Amino acid sequence: MKNWMKTILWTLIVLFVLFSVPSPKPSLAMKYYAFNRLYFGHRLPIIIPVYDKTLDDDIIGQTTQDEHGQFHVRINPKNNPTQDEENNTLKHEMCHVETWVMDDGDGDHGIAFGRCVRRVADDSGVDWTDIY
Ligand SMILES: [Zn+2]
């Protein structure tokens, strides 16, 4: 086989492999880390959000704080069918983490929360109502 044929053959093999292997869905932990860097200046505590299928059907995502001050972010996979929806829900919950103390510590959608949502929406190029 001639060298140019080998080059073309290997190029086709590499392209086939690159495009046939599905890229893995980024984990919630990876997204949380990335969003914390991009939209929160790494100010949020390091936590690992989880999917929780046991959340009530009307809950899209939930942030709570335990007695040790540790935040828990749960995403309802049933109500976040697309990556965009999941991303927006995660941003919403991350604003709860950022504003927990300012908004009375009960996951309230208060003034500080609203400011956070608008800032993150602007920075990430989505409509604020998609996050609120
Ligand atoms: Zn909320």
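This is a predicted model: local features need pLDDT of at least 70, side-chain atom pairs count only at pLDDT 80 or more; totals for chains, interfaces and linings use all residues.
Is Phe-71 buried, partly exposed or exposed, and how many C-beta neighbours does Phe-71 have inside 10 Å?

**Entry 1: Phe-71.** I found 17 C-beta neighbours inside 10 Å, so Phe-71 counts as partly exposed. The term follows a count of other C-beta atoms, placed from the backbone, within 10 Å of the residue's own: 20 or more is buried, 12 or fewer is exposed, and partly exposed lies in between. I placed Phe-71 in strand E3; strands (E, at least two residues) and helices (H or I, at least four) are DSSP runs, numbered from the N terminus. Leaving aside neighbours within four places in sequence, I listed Pro-45, Ile-47, Thr-63, Gln-65 and Val-97 as the contacts of Phe-71. A contact requires C-beta atoms, placed from the backbone, within 7 Å. I also looked up Asn-87, which is 16 residues from Phe-71 in sequence and 18 Å away in space, C-alpha to C-alpha.

**Entry 2: Strands.** I then asked which residue of E3 is the bridge partner of Gln-65. The partner is Phe-71. Strands E2 (residues 61–65) and E3 (residues 71–75) pair in the antiparallel sense over five bridges; pairing requires that DSSP finds at least two bridges between two strands. Five residues lie between the strands in this hairpin, and Gly-69 takes a positive phi near 85 degrees there. On E3 I also traced strand E1 (residues 50–51), which runs parallel to E3 and is joined to it by two bridges. Val-50 stands opposite Arg-74 in E3.

**Entry 3: His-42.** I recorded a positive phi near 60 degrees at His-42, a residue other than glycine. As background, most residues other than glycine have a negative phi. I located His-42 in the loop between H2 and E1. His-42 counts as exposed because it has 9 C-beta neighbours inside 10 Å.

**Entry 4: Helix packing.** I looked up H2 and H3, which pack at an angle of about 60 degrees with their axes 10 Å apart. Axes are lines fitted to C-alpha atoms, for helices over the stretch in contact, and angles run from 0 to 180 degrees between N-to-C directions. The angle makes H2 oblique to H3 (under 35 degrees is roughly parallel, over 145 roughly antiparallel, 65 to 115 roughly perpendicular, and the rest oblique). Among the residues that make the contact, I noted Phe-35 of H2 and Met-94 of H3.

For H3 and H4 I noted an angle of about 135 degrees and axes 9 Å apart. H3 and H4 are therefore oblique to each other. The residues that meet include His-92 and Cys-95 in H3, and Cys-116 and Val-117 in H4.

**Entry 5: Core.** Which residues touch the most other members of the largest nonpolar core? I found Cys-95, Cys-116, Val-117 and Val-120, within a core of 14 residues. Such a core is a set of buried Ala, Val, Leu, Ile, Met, Phe, Trp, Tyr and Cys residues joined through C-beta atoms within 7 Å. Helices H2 (28–40), H3 (83–99) and H4 (111–124) each supply at least two residues of this core, and H4 gives the most, with five residues. Finally, I looked up Val-117, which touches His-92, Cys-95, Trp-128, Ile-131 and Tyr-132, not counting residues up to four places away in sequence.

Terms used:
Residues are numbered from 1 along each chain as its sequence is written. Two residues are in contact if their C-beta atoms, placed from the backbone, lie within 7 Å.
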